[in-house]
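This report describes selected features of a protein model, moving from its sheets to its helix packing and its charged side-chain pairs. The sequence and the structure are shown first.

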Amino acid sequence: MVSSYVYTGLWVNHSREKLLGTTLTLTDKNGAVLVAFLATLVTAAGHAAWTILRYIFHQLRASDKPHDALFYQQQAALKNSSSALGTALTFLRMSWAWRKHERRMIWRSWTLLFVTLAVIISAIFTAAAIFSSQVTQTAGTAFLVRSSDCGLWDFPNDKTTGWQIKTLNDTHTAQNYARTCYQGGSGSSRLCDKYKVPEIKWHTDRNADCPFAAETCYNLSTPISMDTGYLDSHKIFGLNAVPEERVVVRKKTTCSPLRLRNWVAAVNTTLGDPSDPVTDPFIQVYIGGVNENDPANAVIARNYTYRWNAHNVFMERGYELQTVYAHAGYKNGWDPISEFNRTDADVTVFFLAQNSMLYDFPNSDALFGANTVLPDNNNYSATEIPVKVYQPDRIITGLGCVDQFQICNPVIPGPDSTNGMLCTPLDAIIPLYRKMSTLQFSAHQFETWKPIWRGMQYAGMDKVADGMDSSALKAQETVSNRFQTAKLPNDQWVVELAAWNAITLARVQATVLEYATGPSNVVEQRGRIIKPKVDDKVGQNICKRQLILNVAGYQNFNMLGVTLILVISSILILVGWTVDIIVGWIQKWMGKHYARLSWVQDGYLQLQRMAYEGAGHAGWEGSADDVPLTRGRTREEQVLMGLDLGDLRHPRLRGFEHSLGDGVQEKMAGVSVLEQSERTVSRDSRGRRGLLRICEGSSIV
């Protein structure tokens, strides 16, 4: 499976700028952990942001002027609330409690402002925590694949059976993909999600020129051409690269039904055992011999291109499709005559024999035409009501195609006719390879071209029907017991060509992807994988560039988004933890003690200390710190009393003198007197000396 080759880690998707394209790929399990961590971090950042705001508001309001009780309650709430919503709830409760007092008191104390800000901050960071998972969406659904088997494939000359199995399997796979994902196929299938683009589009020209000599094209139909336009190696084939390392390719196929009557002859051929010969009538087409100039295949050489046995009409046989092809610049089995020969294109001719086919509906297609009513139609009626059955207008029809390819260097400027790129002319696949030196490719561009060129080698029309016979036909899908049950359109031949063209392009897509993941059906058939050499850094690099889409089990994260979340959240959290400490140091240095100490004293621990001191529990230290401590070192000296519930409607702290034994009271009273003495001593030196004299003459403990 392709998913087993997905690369996990950091990489750059060059569909975007480097900053936006930096991507982290993780498995779903690890991705879920990262998403949860980011959401938690954003939530913590929200708490920190509110901590910063409540500190700012507290300090802006702090002053040594007298204020009402609600003011000091709000200051305490700002100091001690842990969350924005908690603060808002506390402020609302205070407002409700003070509702019977002066109404304007609430407006003067900015209750509505605090509540509104708290709710807004909470909503913003709650939404941010939820949408932090969007860093997986903005990263896109493209994944890198890597395999140790990256490379091209090959079969030795004596393993041609393996080559045939490989190519036939690849054609079947491409046909299945094309019928599912091209030209309005289901499209929703997960099969259509793996390539950089689900299908390669092309433009169809229904008024093309005849691809051969003018007299060869069927005069009742107009040739068509199917042109992909310029296909970017990154955008279309998913070979991830910066613009300077990309290549551009193009495929153009021109086809026409053929007028073969000038090259057809009826012959009688003797077959079978010479002692008991059988003579059969054949229709033979002479547009070039096969293997006539190849001594190694002299046994199978023939001077005709195709022949059809007339007895097939009576043998209850359906469609039969055969092909011959000639690649320009290559030694071929078929040597086309001049009218069908092209030196700048690869030529394929399809021969369709309709044999015993019958049609439920008439049609005027150039290949499948059937307008002749069959006599004795009642033989095909299940009732007494006669039905019309149609037989083919022509038993044998031909369709000729030429494939041309073009490759461009988008880095080097060229004429407007090639979109401003330096390009080769449209040519056959073999001569095209020989002209690549004119494009001034860099090493990366040349290696990028390799898998695409291999795909183009198998993108000719000759490959779609080779070994597939009638299963290559769309029309075959609606055949039942030699009856064509569908009403074929009058341009069914165009429908067939579009389906074949889709197969050739799907074949290119599969070949390019297979280069990165390692070819299938090769080693099993005693073939070999030609991998880049270990010291070929460029070739090894190209093996790591293939993109695929929508792979189950993995997630992408946009590293810009992840980094922003990490940095901003960390800064907020750090500032939230330290803002009161740092500002407090500055205030202490500047001598602004009231705001600094107001923040400390509004802490619930200091408020608790002051409450106990008010109840007579003296002897505290750290009164200007976050955490006050009792001065006593023994457990007895650290005892504080709880609530006095003598009045349930007005609970208060128990008085010190009603709670402890005489010994502890005396000790703590001594500490209290000493503490008061120290405060008095600090006022002036004269008072200090006087107090010392008093202490010398008094018994404290």
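## Strand pairing, helix packing and salt bridges

In this predicted model, strands β9, β10 and β11 make up an open sheet, arranged in the order β9-β10-β11 with antiparallel pairing. The edge positions are taken by β9 (264–271) and β11 (306–309); each has a single partner strand, so one side of each is left without a neighbour in the sheet. On average, and with direction ignored, neighbouring strands of this sheet are turned by 35 degrees against each other. Strand β10 (residues 278–285) is joined to β11 by four bridges, the two strands running antiparallel. Within this pairing, Val285 has Tyr306 of β11 as its bridge partner.

A further antiparallel pairing involves β12 and strand β13 (residues 346–353), which are connected over seven bridges. Here the bridge partner of Ala326 is Val347 in β13. Strand β12 (residues 320–326) is largely enclosed by the rest of the structure, because five of its seven residues are buried.

Helix packing is illustrated by helix α2 (residues 28–61) and helix α13 (residues 559–590). Their axes lie 8 Å apart and the helices pack at an angle of about 30 degrees. Since angles under 35 degrees count as roughly parallel, α2 and α13 are therefore roughly parallel to each other. Their crossing is left-handed. The residues of the contact of α2 with α13 comprise 18 nonpolar, six polar and one charged.

Attention now turns to charged side chains. Side chains of opposite charge can pair when their charged atoms come close. The structure contains 17 salt bridges, and the table lists three of them.

| Asp149 | Lys531 | 3.2 Å |

Asp149 is partly exposed, its relative accessible area being 31%. Lys531 is also partly exposed, with a relative accessible area of 43%.

The salt bridge of Asp170 with Lys166 lies within one helix. These residues are four apart in helix α7 (residues 160–181), which means that about one helical turn separates them. Both Asp170 and Lys166 are buried. Lys166 and Asp170 also belong, together with Glu514, to a network of salt bridges.

Asp491 is partly exposed at a relative accessible area of 26%. Arg206 likewise counts as partly exposed, with 44% relative accessibility.

Notes
Residues are numbered from 1 along each chain as its sequence is written. This is a predicted model: local features need pLDDT of at least 70, side-chain atom pairs count only at pLDDT 80 or more; totals for chains, interfaces and linings use all residues. Side-chain values use heavy atoms; hydrogens and water are left out. Axes are lines fitted to C-alpha atoms, for helices over the stretch in contact, and angles run from 0 to 180 degrees between N-to-C directions. Angles under 35 degrees count as roughly parallel, over 145 as roughly antiparallel, 65 to 115 as roughly perpendicular and the rest as oblique. A crossing is left-handed if the near helix is turned anticlockwise from the far one by less than a right angle, and right-handed if clockwise. Ala, Val, Leu, Ile, Met, Phe, Trp, Tyr, Cys and Pro count as nonpolar, Asp, Glu, Lys and Arg as charged, and the others, Gly among them, as polar. Two strands pair if DSSP finds at least two bridges between them. Buried means under 20% relative accessible area, exposed over 50%, partly exposed in between (1.4 Å probe, protein chains only). A salt bridge is a side-chain nitrogen of Lys or Arg within 4 Å of a carboxyl oxygen of Asp or Glu.
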